[in-house]
Amino acid sequence: MPPPCFCSSNPASTSISDQPFLSLLQTNCHTIKDLTIIHAQLIKTGLAKDTIAISRVLAFCAAPGPARNLDYAFSVFSHIEKPNLFTWNTIIRGFCQSSHPHVAISLFVDMLTNSTVQPENLTYPSVFKAYTQLGLAGDGAQLHGRIIKLGLDFDPFIRNSIIHMYADCGLLGSARKLFDEDEDTDVVAWNSMVMGLAKCGEVDESWRLFCKIPCRNDISWNTMISGYVRNGKWVDALNLFAEMQQRQIRPSEFTLVSMLNACAKLGALEQGRWIHHYIKKSDINNIHRNTIVATAVIDMYCKCGDIKTARQVFQSTPQKALSGWNSMILGLATNGFEEEAFQLFTELEELSNLNPDSVSFIGVLTASNHSVRVDKAREYFKMMKETYGIEPTIKHYGCLVDVLGRAGLIEQAAEVIKSMPMKPDAIIWGSLLSACRRCRDVGVAELAARNLLLVGPDETSAHVLMSNVYAASGDFKKAVKERIKMKKKKMEKQPGCSFIEVDGEVHEFLSGGDLGYF
């Protein structure tokens, strides 16, 4: 943007809105650099002291948009001698919509204690939103008390923000009490309750409430679908999404990501392809270039076994986020392309401007595990600590234990478990026990089984696998005893569950014990 001419600017103009540089904020200001040029002219002409003029600069850099810069906004606000209600609301709202919501609360406290300007109706929703983001509904409840004393508790915007805070933070009793008090509850409050119930695992109650919403909007549908996916009800999510399409309700990008995750969990490739095609065809807000959406598409194709298409999407994504690299590496590792996973990890290191994170190493350790490459597993395990300073989590240790077990190095796997800085979980002990079954190592198997039962007393796998170990080693008497123990404890082997997609429709199958097939 060429520097504008301000020769004719007159700070004494009868209307501040007549100043030409102010109109540039709406017509020719696209980046923070453009904004600083205009702000500099405000300072030179003395208009930076005018509350209306500086408020417009503050609003431009505090609000979500191309020129948003909250550090700059805070600096602008700090230089305003007497902030008015608009400037206070603008800076508080800016931070409540950011990754630093605690600053919004600090500003609100400063406004209460040090300013002659007191909060009004439009101030409070932003503060409650900040409490929501921080998960501090208990602190927010104190502010709710102030709202009641001020007689503002029936203001619809404030009321909805309080209901949302309670619901999102899991205080469903408080949320429901407020929700039930108002007979004229709007769709925003309904949506908050649907979201809160689903988030707390009460998805059936969430669905019941969703069905009662007098006038649903697109957020209602998107919230219910996300709730189903969050609670593992992927088939229900797909069915509701289909109904949503029949009613020609446009899904949000978050819903599309949720649906892609559901398709990935179900292995519903055709459904996933249709959603991918919908994304490309509708091009909502150019979301096919959104890194979160692109990662979800890659992940879906990988988990549905279509590595070829996953690679095409990955290669065609202009801005590759680390999450996209990680999904592709893990997808290759779990679909039998271990060498390609190693190669892609090398490309991440050498050809991108990104550094691998803990998830990246899960990908290559999984590839090492599936290809039974103990050397690679040890190499990556060492690299993550020494080269990138990443402390291994229990998942990383689990991969290392598993690959050692698969390679028949039972004693070494047991030593790794002993050296772990955290307490081994059921997955770790189960992995070692499973390896003992293959290698018929009864001694280590008994150790693993004992610890598995200590971690999870109801773990049927401990008895089942131990019975198999005894049977494989020829000790059928002990094998039968393990089965008898299960019977005495009234434990049943968990049924297997699988999904199959036929003509775009997903069917669920269960098997095991007396369940048979459905």
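Is Phe 241 buried or exposed, and what is its relative accessible area?

Analyst: This is a predicted model. Phe 241 is buried: its relative accessible area is 4%. The cut-off for buried is under 20%.

Now the ring contacts. A pair of aromatic rings is described by the distance of the centres and the angle of the planes. The count comes to 15 aromatic pairs. One of them joins Phe 241 and Trp 274. Their centres are 6.1 Å apart, with 80° between the planes. That pair is edge-to-face. Phe 241 belongs to helix H14 (residues 234-246), while Trp 274 belongs to helix H16 (residues 269-282). The pair therefore ties together parts that are 33 residues apart in sequence.

Next, the partner. Trp 274 has a relative accessibility of 41%, so this residue counts as partly exposed. Trp 274 also pairs with Tyr 278. Here the ring centres lie 5.6 Å apart and the planes meet at 20°. This pair is stacked because planes under 30 degrees apart count as such. Both Trp 274 and Tyr 278 sit in helix H16. They are 4 residues apart, about one turn of the helix. Tyr 278 has 16% relative accessibility and so counts as buried.

To recap the local picture: Trp 274 pairs edge-to-face with Phe 241 of H14, and Trp 274 stacks with Tyr 278 within H16. Phe 241 is buried, Tyr 278 is buried, and Trp 274 is partly exposed.

Elsewhere, Phe 342, Phe 345, Phe 361, Tyr 380 and Tyr 388 form one aromatic cluster.

Definitions and conventions: Residues numbered from 1 in each chain as written. Predicted model: local features only at pLDDT ≥ 70, side-chain atom pairs only at ≥ 80, totals over all residues. Heavy atoms only, no water. Phe/Tyr/Trp six-rings, centres within 6.5 Å; stacked < 30°, edge-to-face > 60°. Helix = DSSP H or I, 4+ residues; strand = E, 2+ residues; numbered from the N terminus. Buried < 20%, exposed > 50% of the residue type's maximum accessible area, 1.4 Å probe, protein only.
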